[in-house]
Amino acid sequence: MTCIQFPSKVQSKIQFLVVFVSLISILTGISLAAHADVLGDVKKKGTLVVGVKDSLPPFGYVDEKSRDIVGYDIDMAKAVAKKLGVKLELKPVTSANRFPMLSEGNVDLVIATTTKNPERAAQVDFSHAYFLTGQKFIVAKGKVKTLQDLDTARIGTAKGSTSEKNVATSLPKAKVLSYDDYPQAVLALQQGKVQAVTTDEAILAGLLAKMPNKDKYEIPDLKISDEPYGIAIKKGEKGLVDVVNSTLLEMESSGDADKVFAQWFGPNSAAPLKRTFKITAEK
Amino acid sequence: MEFINSIFGLDFSVIRDNWLFFLVGRYPNGPMGGVALTLTLAVGSVFFSGIGGLILGLLAVSQRRWVRWPVNIIIQTFRGVPLLMVIFWFYFFLPAVFGKGFPEISTVLIALTVFTSAYMSQIVKAGIEAIPRGQWEAGVSSGLSRRQVLWQIVLPQALRHMIPSFVNQFVSLIKDTSLAFIVGVSELTHVATQVNNRTLNYPTEIFLFIAVVYFVICSAFTALSRQLEARTTSANANR
Amino acid sequence: MLNYQFDWHLILNGEYRQWLLSGLWLTLKLATVSMILSFFLGLIIAVMKMSGQRFVRAGASVYLEVVRNTPLLVQIFFWYFGSFKLLPAAWNEWLNATNEFEFIAATMALTIYTSAFIAEDIRSGVRAIPKEQTEAGFSSGLSFLQVMRWIILPQAVRMTIPPLVNQFLNLAKNSSLAMTIGVAELTYQARQIESHTLKGFEAFTAATLIYLILSLVITGLMEIYNEKILKPRGAQA
């Protein structure tokens, strides 16, 4: 066996790699954050920090005139802050970074078109569903009649979304392109880079309404899944979950939930929808 | 402008309608953003990484092996991975260590500072190594300690030579702040994607516009760095 | 108590390991293709910058200034989303039909960005070559381009190899920005694993180690090349 003599710089690099690896293994041993009572902290500092979408009308977007974030999700956040009697601070999140932001305590709640599903429920806690929709597609008018028409298509969606996983399951041969958020996927659709954009119908309707040449596109009646939205809360914060849930139920019984829906999805809105759900207590 | 508009059918009114948003983000209703935040991030991290680079650079040329080695390992690690990865790391690591609510702006500021310090340290190291050994020997033989030679003779000269490279690093930093977009910090690039996402019809105009903004800021500092470089070299030539 | 459960098994096996490997492959492909293209583009710009024609020189200067003073990320967005309005409809159709426009746009942005730095590296290589050689070339009747092609560049490029290796490493790192337009390179895959499993530490550690090993291997090869091939020859001369 011949002995390879590494030059000194290589040797030092190998050594630093070894140190790096051992550093990581030390980290593995220690647990990383102390106990936190989010509800108590929120009350103490007098501010509720909520992660919301900032370019997804009508759920959350920056209003051109006021340069403020507004939308259906923001009204939900306002109701929770009001119930707690604290100030509301909005933080823009994307589909991909919302869970890390939540688990690391950068935000107290995530109200950002988040679908409740069992995999996620293992990592975070969810409120009762505050919105109900289903996953569909935006495509060029008249091009798509059945799901088979999209079999080998290029389909745009957002990183880290349930839409991304659902479409990969229902159309395994399609090429799924994940952007940082949905509007970029719509831009790609307009420029012919993808043939369809997929996500929840309520989001699609808002996006379609915003498209400059919207008469050329449509949302065909092809639903691939049901998507109930929940407010996401860090695992194990029962106090906060209870406050959020009671806020939602009170909104339903007082009629405020109806009003908020009507404001963003009513007949005079950019993307009218029917309210087919009621906020109810679930297990 | 009219000329460009007529050739490509571009419409720069989207810039006019949102110029304040590009400049300061949601301020004063919300946090500061846009160009103002880009500059804040760049100035803040160049200040801290100047200090960090100096410290790391001095440690990296230390006579003591047990100081020099770990420091060089840290420097090489940060130079070996993409800035985007470094930002993600701090994004996970800082809140885990310091607990709840560590703001993203500080996360990005720290990531940029640590990353740039590693590069700055190489400038410092090269600057110190460029000073002829004779000066060290002369200093020591005239009765000064190594530390005194370093602080009173070597560093003042070395730092003067480093100034242009520092300014160049500052230009890189201004460009690097655009990566803050990925963790949702509303600097210029993030603000631009927000407007792009909202309007959905003017990507060319918007990205062209912010490219021009970055260009104007960066080339001003590039010009400054060249001037400083010319001055240092002519000063040396005169001696 | 937030007890983060480390789960290395998840990342190092099956589907997720496959994601990381395919990400590495795409990172290498992006870096290699862009490296080759930006070398030739950089060579052209460097020659233009040294040309006797004022307008050619000015053109090269403008190119260098613009490319070096705008962020790579903005350039990537510009080529991917912004080029649409500037190109003829037929080109757009063709580009979209390739089904690889994400890769093409990223390669274009990386190539253009890196070419500006390579041009500067080549120029400093040229500066190190004695002026007499150029003059000798001219006096023996060669044109500017011939002098460059046959006398100056072959020597300059040899001297530029270490900075070029450095540029390749920069490219491998910079290619991580392609994730923003949906190119599934290494950082994209790490992020993807993170969002699927919420195991950020493991995913990013794995990707970081891959980047470090990559730079270790390449600088290692470079060092061996320097010590075994360049130095002995230098000693003889």
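Me: Is B:I55 buried, partly exposed or exposed, and what is its relative accessibility?
Reply: Keep in mind that this is a predicted model. Buried would mean under 20% relative accessible area and exposed over 50%, with partly exposed in between. B:I55 falls in that middle class because its relative accessibility is 47%.

Me: Where does B:I55 sit, and which residues form a nonpolar surface patch with it?
Reply: Its place is in helix 3 of chain B, which covers residues 34-60. The patch has about 470 Å² of accessible area together. Its members along with B:I55 are B:F47, B:F48, B:I51 and B:L59.

Me: How much area do chain B and chain C bury between them?
Reply: The size of an interface is often given as the accessible area lost when the parts come together. Here 37 residues from chain B and 34 residues from chain C take part in the contact. Carbon and sulfur atoms carry 75% of the buried area, and the total is about 3200 Å².

Me: How many salt bridges are there between chain B and chain C, and which residue of chain C pairs with B:E205?
Reply: The count between these two chains is 2. In the B:E205 salt bridge, the closest N and O atoms are 2.9 Å apart, and the partner is C:K85.

Me: Which helix gives the largest share of the side of chain B that touches chain C?
Reply: Elements giving two or more residues to that side include helix 4 (65-80), helix 8 (146-176) and helix 10 (203-238) of chain B. The largest share is 13 residues, and it comes from helix 10 of chain B.

Terms used:
Residues numbered from 1 in each chain as written. Chains lettered and ligands numbered in written order. Predicted model: local features only at pLDDT ≥ 70, side-chain atom pairs only at ≥ 80, totals over all residues. Heavy atoms only, no water. Patch = residues over 30% accessible without salt bridge, like charges linked within 9 Å, V, L, I, M, F, W, Y side chains within 5 Å. Areas by Shrake-Rupley, 256 points an atom, 1.4 Å probe, with all protein chains shown as cover. Salt bridge = Lys/Arg side-chain N within 4 Å of Asp/Glu carboxyl O. Helix = DSSP H or I, 4+ residues; strand = E, 2+ residues; numbered from the N terminus. Buried < 20%, exposed > 50% of the residue type's maximum accessible area, 1.4 Å probe, protein only. Contact = heavy atoms within 4.5 Å. Buried area = accessible area lost by both parts, 1.4 Å probe.
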